[in-house]
Amino acid sequence: MHFSVVLKSMAGVALALTLAVPAQADEFTAPLTALANGEIKAFASDPALVAAIVAQNAVTASYDQAKIDALDAQWKAEVGAASKPLIDATLGNAASQYLKGVQDASAGKYTEIFAMDAKGLNVAQSTLTSDYWQGDEDKFTKSFGAGADAVNLGDVEQDESTQVFQSQVSVPISDPATGAVIGAITVGVDVSAL
């Protein structure tokens, strides 16, 4: 009998803790979702960004996992290297310059923006990412992989380098000509700006 009371008490504590965590998360869920479905989807549908994703998809469609892994390894090696051909080509393209302009115009609300192709490889980005392939991460699988209306909200976490509390908001990008999902975009959002 005593053991049963202890178990019921522990279950009550666990339930209370479970209910407390979503309440904190819910503080940001609605404004982040509204931002994703409004402002983020609007700038993610820019014709130049869509064209860059379509063009990269044409190149990467035949890539197997070994090729993807090799590119990701190259990117990671270039992060600290003097020569950065893959990084420079990506950060220097017109779509990346567009995303940098969007981030700059946000007055700190956006901490990073990067778009991915249908394989999860970076197409364009406002700032340097630590890796080139996002295809195995929730930001890609739960946006691109979940259909045109998907919104994936990452946990609110403190960025170690900036000390900003942010969430990564990810949505798929569709080709307006066909309606097909062609890629995804992830935006780091400073939650204090909401």
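Two strands are said to pair if DSSP finds at least two bridges between them, and the helices and strands named in these legends are DSSP runs numbered from the N terminus, with at least four residues of type H or I for a helix and at least two of type E for a strand. The model is predicted, so that local features need pLDDT of at least 70 and side-chain atom pairs count only at pLDDT 80 or more, while totals for chains, interfaces and linings use all residues. Residues are numbered from 1 along each chain as its sequence is written, and side-chain values use heavy atoms, with hydrogens and water left out.

**View 1. The protein chain as a whole, with its 6 helices and 6 strands.**
Followed along the sequence, the elements come in the pattern α-α-α-α-α-β-β-α-β-β-β-β. Of the 194 residues in the protein chain, 38% are buried, where buried means under 20% relative accessible area, exposed means over 50%, and partly exposed lies in between (1.4 Å probe, protein chains only). The accessible surface of the chain comes to about 10000 Å², and 61% of it belongs to carbon and sulfur atoms; such areas come from the Shrake-Rupley method with a 1.4 Å probe, and for residues only the protein chains shown count as cover. When contacts (heavy atoms within 4.5 Å) are taken between residues at least 6 apart in sequence, 60% of them join residues at least 24 apart.

**View 2. Strand S5 (residues 165–174) and the strands that pair with it.**
Of the 10 residues of strand S5, 7 are buried, so the strand is largely enclosed by the rest of the structure. Strand S3 (residues 152–153) pairs with S5 in the antiparallel sense over 2 bridges, and here Leu153 stands opposite Val169 in S5. Strand S4 (residues 157–158) also runs antiparallel to S5 and is joined to it by 2 bridges, with Phe165 in S5 as the bridge partner of Gln158. Strand S6 (residues 181–190) pairs with S5 in the antiparallel sense over 9 bridges, and Asp190 in S6 is the bridge partner of Gln166. S5 and S6 form a hairpin with 6 residues between them, and Gly179 in its turn has a positive phi of about 80°. In a regular strand the side chains alternate between the two faces of the sheet.

The 15 residues of H3 should span 21 Å at 1.5 Å a residue, and the end C-alpha atoms are 21 Å apart, which agrees; the expected span is 1.5 Å times one less than the number of residues.

**View 3. Salt bridges, of which the count comes to 5.**
A salt bridge is taken to be a side-chain nitrogen of Lys or Arg within 4 Å of a carboxyl oxygen of Asp or Glu. Side chains of opposite charge can pair when their charged atoms come close. One of these joins the side chains of Lys109 and Glu39 (3.0 Å, N to O); Lys109 lies in the loop between helix H5 (94–105) and strand S1 (110–116) and Glu39 in helix H1 (residues 2–44), so the pair ties together parts that are 70 residues apart in sequence. Lys109 counts as buried at 17% relative accessibility, while Glu39 is partly exposed, with a relative accessible area of 36%. Lys76 counts as partly exposed at 46% relative accessibility, whereas Asp72 counts as buried at 9%. Another salt bridge is formed by Lys142 and Asp138, whose closest N and O atoms are 3.6 Å apart.

**View 4. Ala107 in the loop between H5 and S1.**
Although Ala107 is not a glycine, this residue has a positive phi of about 55°. At 73% relative accessibility, Ala107 counts as exposed.
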